[in-house]
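Welcome, and please open your viewer so that we can walk through this structure together. Keep the selection tool at hand.

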Amino acid sequence: MNGLHFKDYFWNSDLTSTGGYDVIIQHLNEGKRTCKEVEDFMKARASIEEKYAKDLLSLSKKVCGHNEMNTLKRSLDMFKLQTEQVSLSHLQLAQNMRDEVKKLEDFKERQKDARKKIEQQMDVLHKQKALQLKKTTESKKTYEQKCRDKEEVDQNVNRNAGANNTKHIEKLYSKAQQAKQNAEEADRIYVQNVSSLGKIRDEWLKEHMKACELFEKLAMERINVLRNTVWTHVNQLSQQCVTSDELYEEVRKSLEQCDIQEDIEHFVNLRRTGDKPPAPVVYENFYTGQRPPTPSRKPPPISRRGVLPDPVNNDRDPLYSTVQDPGYSVIKY
């Protein structure tokens with residue numbers, strides 16, 4: 001696979017440095033945090049969908065057009081039914097989202113397990129490398145010091161080579177021999193530590209490259225999984241829109257069958273009370289006691305009464321007399 005790779009660009013010139021390795025680990029930790037953030041986002045969205053679904057389901061149970069009849073009633077019933085179906089589809093959407101979250105959680109756990117083993121191996125190698133480098137550095141210092149001691153003793157022997165004190169010369173030769181042995185032993189230990197450090201370094205290089213390859217694979221898998229998870233998430237949302245529209249289309253089809261004139265006629269036929277209006281109220285003359293004929297179309301014209309006739313006295317009518325006495329009145333029959 002062409003392109004840049006972890007194993008080629010995360011080295012350090014200092015043998016004890018873990019800077020490149022630490023940068024990769026930080027990147028993986030940030031990727032893990034991104035997975036958690038996507039999880040939380042999708043969980044929150046699923047909760048929103050679930051709450052919306054429950055609210056919509058509750059709404060679909062409310063009375064809507066209870067007193068309506070015929071085609072409009074059928075349309076309103078369909079409207080409520082499809083609203084309920086939409087709520088159930090949103091409830092299913094919330095569950096589908098939680099299923100995707102579970103997949104992401106499982107993926108995170110698998111990555112955690114894959115990282116754990118290699119990180120433990122690398123931690124051990126880093127400690128071994130640091131410890132062996134320290135031993136090698138100390139053995140080098142010891143070796144250099146023993147070499148300087150040997151040179152100092154050799155110089156002392158050379159300065160006293162012409163002395164007549166045999167015993168002193170033998171003592172110097174003995175010291176020189178001991179210094180030589182010490183230097184050789186220090187050299188042997190130093191060479192041994194350098195060799196051990198070289199082996200540890202070779203093993204570390206090999207494991208570091210393997211770790212980089214594994215970490216790069218994990219990073220690629222994480223990017224791919226997150227991309228596919230979000231892709232699936234928005235596809236679910238798009239599908240929900242399609243599902244909702246299909247359900248609402250059933251409502252539109254029902255509304256197309258709603259016939260206004262048919263509903264009017266249905267109401268008339270079902271609730272009619274009669275086809276004849278009440279007769280008009282007519283004028284009745286008090287004196288004649290006769291009811292004039294009722295016109296077929298127009299009400300009778302209202303006429304004024306004539307002048308009241310003057311009374312006519314006869315022998316049978318009572319006589320009204322008035323006397324001067326204001327307190328007396330007689331009616332004669």
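Here is a short tour, stop by stop, through a predicted model.

**Stop one: the cavity**

How many cavities of 30 Å³ or more does a search of the whole structure find? The search turns up 1, and the volume of this largest cavity is about 60 Å³. To get there, select Phe10, Asn12, Ser17, Trp204 and His208, which are the closest to the cavity's centre among the 13 residues that line it. Next, colour helix H2 (19-60) and helix H4 (166-256), the elements that each give two or more residues to the lining. H2 gives the most, with 3 residues. What kinds of residue make up the lining of the largest cavity? They divide into 5 nonpolar, 7 polar and 1 charged.

Now select Cys212 and then Cys258. Cys212 is buried, with a relative accessible area of 1%, whereas Cys258 is partly exposed at 23%. If you are looking for disulfides, a search of the whole structure finds 0.

**Stop three: a glutamine in a helix**

Move on to Gln111, which you will find in helix H3 (residues 70-159). Is Gln111 buried or exposed? Gln111 counts as buried, because its relative accessibility is 11% and the cut-off for buried is under 20%.

Definitions and conventions
Residues numbered from 1 in each chain as written. Predicted model: local features only at pLDDT ≥ 70, side-chain atom pairs only at ≥ 80, totals over all residues. Heavy atoms only, no water. 1 Å grid on protein atoms, 1.4 Å probe; cavity = no way out; pocket = protein on both sides within 12 Å on 5 of 7 lines; lining within 4 Å. Points joined across faces, edges and corners; volume = space filled by probe spheres on them. Helix = DSSP H or I, 4+ residues; strand = E, 2+ residues; numbered from the N terminus. Nonpolar A, V, L, I, M, F, W, Y, C, P; charged D, E, K, R; others polar. Disulfide = S-S within 2.5 Å. Buried < 20%, exposed > 50% of the residue type's maximum accessible area, 1.4 Å probe, protein only.
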